[in-house]
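Student: I would like to go through the labels used for this protein and ask what stands behind them. Could we start from the structure itself?

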Amino acid sequence: MGKVVMYSSVSVDGFVADENDQPGPLFDWLSNGDVPLDESGVLKVSRASYDHTRPYWDQIGATIVGRHVFDLTDGWDGTPPGGVDHVVVVTHRPKPEGWDLEAPFHFVDGVEAAVAKARELAGDRVVEVAAGDVGGQVFAAGLVDEVRMDVVPVVFGSGKRYFGSVDAQHLLEDPDVVIQGDRVLHLRYRVRR
């Protein structure tokens, strides 16, 4: 069974978006390099960022997101982002009307059910959990094995927190990956058990 990884780009002060759900410059590192990150030609990063990010993306079998992110992105028009095979959406509401039932999106109620479904779909590949409220719930439930952050040199001051509403202390191991890209610092922490 693959590991569960909480992941996002994040401001230095710990936010994944501002109060209006805007990421500001958090994703600029994905277009300020000269090495294509995917076939689209849109995402171009530094060599250091590519060498860190591409192998990780290739390991992802399923991504877990909340309904809020799903709605903000219009469900990525039924195509999972980044070439991921499956998206598991945590929601208490039904699928949107007219939703393509063939699209590889799975709607579940609750984070435990989401992790179980994503693990089933991913097999021995990575289950990625988007940071934010749902990611924080998965983290607080003790279901995250690893935390990955792409730290961008910007201070938001307020907004949507990386760990959502987590309000208790959780220890992580020392970072076992620290890679400097162009306007981004890639970090990986294992969750202490």
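Student: Which residues form one aromatic cluster?

Tutor: This is a predicted model. In it, one aromatic cluster is made up of Phe 70, Trp 76, Trp 99, Phe 105 and Phe 107.

Student: How many aromatic pairs does the structure hold?

Tutor: There are nine aromatic pairs. One of them joins Phe 139 and Phe 163, with ring centres 5.0 Å apart and planes at 55°.

Student: Why is the pair of Phe 139 and Phe 163 called tilted?

Tutor: Planes under 30 degrees apart would count as stacked and over 60 as edge-to-face. The planes of Phe 139 and Phe 163 are at 55°, so the pair is tilted. This pair links distant parts of the chain, since Phe 139 is in helix α4 and Phe 163 is in the loop between β10 and β11, 24 residues apart.

Student: What makes the pair of Tyr 162 and Phe 163 edge-to-face?

Tutor: The cut-off for that label is over 60 degrees. The planes of Tyr 162 and Phe 163 are at 65°, with centres 4.7 Å apart, so the pair is edge-to-face.

Student: Are Phe 139 and Phe 163 buried or partly exposed, and how do you know?

Tutor: Buried means under 20% relative accessible area, and exposed means over 50%. Phe 139 has 7% relative accessibility, so Phe 139 counts as buried. Phe 163, at 22%, counts as partly exposed. Tyr 162 is buried, with a relative accessible area of 1%.

Student: Why does Ser 46 count as buried?

Tutor: The relative accessibility of Ser 46 is 15%, so Ser 46 counts as buried. Ser 46 lies in the loop between β4 and α1. Leaving out residues up to four places away in sequence, Ser 46 touches Gly 33, Val 35, Gly 181 and Asp 182.

Student: What makes Arg 67 buried?

Tutor: Its relative accessible area is 9%, and buried means under 20%, so Arg 67 is buried. Arg 67 is in helix α2. Among the residues it touches, beyond those up to four places away in sequence, are Val 89, Arg 93, Pro 94 and Phe 107.

Student: Which residue of β7 is the bridge partner of Val 89?

Tutor: The partner is Phe 107. β6 and β7 pair in the parallel sense, over four bridges. Phe 105 and Phe 107 point one way from β7, His 106 and Val 108 point the other way, and all are buried.

Student: How do you know that the span of helix α3 agrees with its number of residues?

Tutor: Helix α3 has twelve residues, 111-122, and at 1.5 Å a residue they should span 16 Å. The end C-alpha atoms are 16 Å apart, so the span agrees.

Student: Which residues of α3 are buried, and why are they said to be on the same side?

Tutor: Val 111, Ala 114, Val 115, Ala 118 and Ala 122 are buried in α3. They cover an arc of only 95° around the axis, which puts them on the same side of α3. What covers these buried residues includes β1, β5, β6, β7, β8 and α4.

Student: Which residues touch the most other members of the largest nonpolar core?

Tutor: The core has 29 residues, of which Ile 64, Val 138, Val 144, Val 147 and Tyr 162 touch the most other members. The largest share of this core, five residues, comes from α3.

How values were computed. Residues are numbered from 1 along each chain as its sequence is written. This is a predicted model: local features need pLDDT of at least 70, side-chain atom pairs count only at pLDDT 80 or more; totals for chains, interfaces and linings use all residues. Side-chain values use heavy atoms; hydrogens and water are left out. Helices (H or I, at least four residues) and strands (E, at least two) are DSSP runs, numbered from the N terminus. The expected span of a helix is 1.5 Å times one less than its number of residues. Buried means under 20% relative accessible area, exposed over 50%, partly exposed in between (1.4 Å probe, protein chains only). The arc is that of the directions from the helix axis to the C-beta atoms. Contact means heavy atoms within 4.5 Å. Two strands pair if DSSP finds at least two bridges between them. A nonpolar core is a set of buried Ala, Val, Leu, Ile, Met, Phe, Trp, Tyr and Cys residues joined through side-chain atoms within 4.5 Å. Rings of Phe, Tyr and Trp (its six-membered ring) pair if their centres lie within 6.5 Å; planes under 30 degrees apart count as stacked, over 60 as edge-to-face and the rest as tilted.
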